[in-house]
Amino acid sequence: MEARLIPKEPLKIGWREWVGLPDLRVGAIKAKVDTGARTSALHSYNIAPFRRKGALWLRFELHPLQRSETMKVVCEARAVDERTVRNSGGGVERRYIIRTLLKLGEKSWPIELALANRDQMGFRMLLGRTALQGRALIEPGRSYLLGARPAKPRRKRRLFPLRAGRLLR
């Protein structure tokens, strides 16, 4: 039996929230909270299994922004399992499972994620009940209770040195 630290005051979250996956270098991704789903799922494609020190690892790509392919993140994670999962259409699929850190508001903890192509789905990530069990209370009529999308890190503007000759022309 796994010992779990249960917070004194559970997080109050809406039916959709911005979450982070720091181990995968994803600062913000919109997740739909779905208590009907046991396992959480992450949109991923070009999944390529490989071996590292005898363990099964996965290299995959994902588009963290909803309805956009402008940003692409290439990730690597150790596979912890390959499971049969029932998809949203009721069909049965085999999916790789990874374990990664979830950041929800100011809290973070490890969760399991099934890698699946969610291109046709409204959300790039689905947060299932086992990831939230004992940690969060869901207010189904509300959204983004933990705040709006985190600010993107600003790029530093490059400054070009000016020569005196260029100013006088």
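A residue counts as buried when its relative accessible area is under 20%, as exposed when that area is over 50%, and as partly exposed in between. The structure in these views is a predicted model.

**View 1. Arg 83 and Glu 112 form a salt bridge.** Arg 83 has a relative accessible area of 26%, so Arg 83 is partly exposed. Glu 112 is also partly exposed, at 28%. The N to O distance between the two side chains is 2.7 Å.

**View 2. Arg 59 pairs with Glu 76 in a salt bridge.** The closest N and O atoms of this pair are 2.8 Å apart. Strand β6 (residues 55-62) contains Arg 59 and strand β7 (residues 73-86) contains Glu 76, so the pair ties together parts 17 residues apart in sequence. Both ends are partly exposed: Arg 59 has a relative accessible area of 35%, and Glu 76 has 32%. A network of salt bridges links Arg 52, Arg 59 and Glu 76. The two arginines also sit over aromatic rings. Arg 59 lies over the face of Phe 50, at 4.3 Å from the ring centre, while Arg 52 lies over the face of Trp 57, at 4.4 Å from the ring centre.

**View 3. Glu 61 and Lys 72 form a salt bridge.** The closest N and O atoms here are 3.5 Å apart. Glu 61 is in strand β6 and Lys 72 is in the loop between β6 and β7, so the pair links distant parts of the chain, 11 residues apart. Which of the two categories, buried or partly exposed, applies to Glu 61? Its relative accessible area is 16%, under the 20% limit, so Glu 61 is buried. Lys 72, at 48% relative accessibility, counts as partly exposed. How many salt bridges does a search of the whole structure find? It finds 8.

**View 4. Trp 15 and Phe 123 form an aromatic pair.** The structure holds 1 aromatic pair. A pair of aromatic rings is described by the distance of the centres and the angle of the planes. For Trp 15 and Phe 123, the centres are 5.8 Å apart and the planes make an angle of 75°, an edge-to-face arrangement. Trp 15 is in the loop between β1 (11-14) and β2 (16-21), and Phe 123 is in the loop between β9 and β10 (125-128). The pair thus links distant parts of the chain, 108 residues apart. Trp 15 counts as partly exposed at 29% relative accessibility, whereas Phe 123 counts as buried at 11%.

**View 5. Leu 102 is among the residues with the most contacts inside the largest nonpolar core.** In soluble globular proteins, nonpolar side chains tend to be buried together. The largest nonpolar core of this model has 29 residues. Other residues with the most contacts inside this core include Leu 21, Phe 60 and Met 125.

**View 6. Ala 41 is a buried residue of strand β4.** Strand β4 covers residues 40-43. At 3% relative accessibility, Ala 41 counts as buried. The C-alpha atoms of Ala 41 and Met 125 are separated by 5.7 Å, although these residues are 84 residues apart along the chain. Beyond residues up to four places away in sequence, Ala 41 touches Met 125 and others, among them Arg 95, Leu 113 and Arg 124.

How values were computed
Residues numbered from 1 in each chain as written. Predicted model: local features only at pLDDT ≥ 70, side-chain atom pairs only at ≥ 80, totals over all residues. Heavy atoms only, no water. Core = buried A, V, L, I, M, F, W, Y, C linked by side-chain atoms within 4.5 Å. Buried < 20%, exposed > 50% of the residue type's maximum accessible area, 1.4 Å probe, protein only. Salt bridge = Lys/Arg side-chain N within 4 Å of Asp/Glu carboxyl O. Helix = DSSP H or I, 4+ residues; strand = E, 2+ residues; numbered from the N terminus. Phe/Tyr/Trp six-rings, centres within 6.5 Å; stacked < 30°, edge-to-face > 60°. Lys NZ or Arg CZ within 6 Å of the ring centre and 35° of its normal. Contact = heavy atoms within 4.5 Å.
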